[in-house]
Amino acid sequence: MCVKGLYFFTVLSGLAASGMLQVSGIRIYTSGSIEAVNGTDVRLKCTFQSSSPINVNAISVSWSFRPLVPGREESVFHYQQKPYPPLEGIFRKRVVWDGDIMGRDASIIIRQVKFTYNGTYICQVKNPPDVHGTVGEVRLRVVTTASFSELLLLALAIGGGIAAVVILLIIIVSCRRCKKRRSQRQLEGNEEAPRKERKDPTACHPARAIHLYLSETSIEIDSSDGMISEASTKDPSSSEDEGPSSDDDDGGDDSD
């Protein structure tokens, strides 16, 4: 007997080591306890992990409700290839599918919750051959107003959004003012800039300077009759050429 028992234990150990003997079980995760204000929508989160590949044709999701007061459980929702919302009961037309089977999400949304919805919601997922495992539970508490922590988070979110908008507006206004100041300074600098004086292009080149010859005006007085003859304008450059001819005239008069 001892030898047979030892042999059987050895075989089981070998199968487990080789992976041929596996204990499978689906694992489900939920959000635990949540609160919802009366008349609002609430999402019941349920995700799962399975050791078997997802079979979209065989996998099923079931939600049920267990109220706070003693009573029987009530079906809330069922999914298998497509959603099956309840056709009767307190959850009729109040539950919608919000999950993704391939994403391993089996969540649902309950619309316009009421105080009668206080209780425990049970999420169960089966993915054949992985059909064994624990179930997930979500405890819902419907309240008249939001709790202080939720109000604080809401106030912080609203205040943060307003602060971000104000800071953005301040940055935009500051940038515009800076642009206006820069443009004004540029205009003032252009007005105060000294105007460039025009220079004679020949000033730097004396050889190219244009020489203006001033004409000389002379008045001749005839000594014979004391009459003043008309003024004659002579070019200084031509006076030198006419000089010898005047001497010849004088010589001619002397000869007479």
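The sulfur of Cys 175 lies 6.5 Å from the closest cysteine sulfur, that of Cys 178, which is too far for a bond; a disulfide is taken as a pair of cysteine sulfur atoms within 2.5 Å. Cys 178 is accordingly in no disulfide. Cys 175 is partly exposed at 41% relative accessibility, and Cys 178 is partly exposed at 41% (buried, under 20% relative accessible area; exposed, over 50%; partly exposed, in between; 1.4 Å probe, protein chains only).

The model is predicted: local features need pLDDT of at least 70, side-chain atom pairs count only at pLDDT 80 or more, and totals for chains, interfaces and linings use all residues. Residues are numbered from 1 along each chain as its sequence is written, and side-chain values use heavy atoms, with hydrogens and water left out. Mean pLDDT (the predictor's confidence in each residue, from 0 to 100) is 75, and 62% of residues reach 70 or more. Over residues 1-23 pLDDT stays under 50, and the model has 3 contacts (heavy atoms within 4.5 Å) beyond four places in sequence for them.

A search of the whole structure finds 1 disulfide, formed by Cys 46 and Cys 123 with sulfur atoms 2.1 Å apart. Cys 46 lies in strand β4 and Cys 123 in strand β10, so the pair ties together parts 77 residues apart in sequence (strands are DSSP runs of E, at least two residues, numbered from the N terminus). The link is left-handed, with -80° about the S-S bond, and both cysteines are buried.

Strand β10 runs antiparallel to β5, joined by 8 bridges (pairing requires at least two DSSP bridges). Trp 63 stands opposite Cys 123.

Notes:
Helix = DSSP H or I, 4+ residues; strand = E, 2+ residues; numbered from the N terminus.
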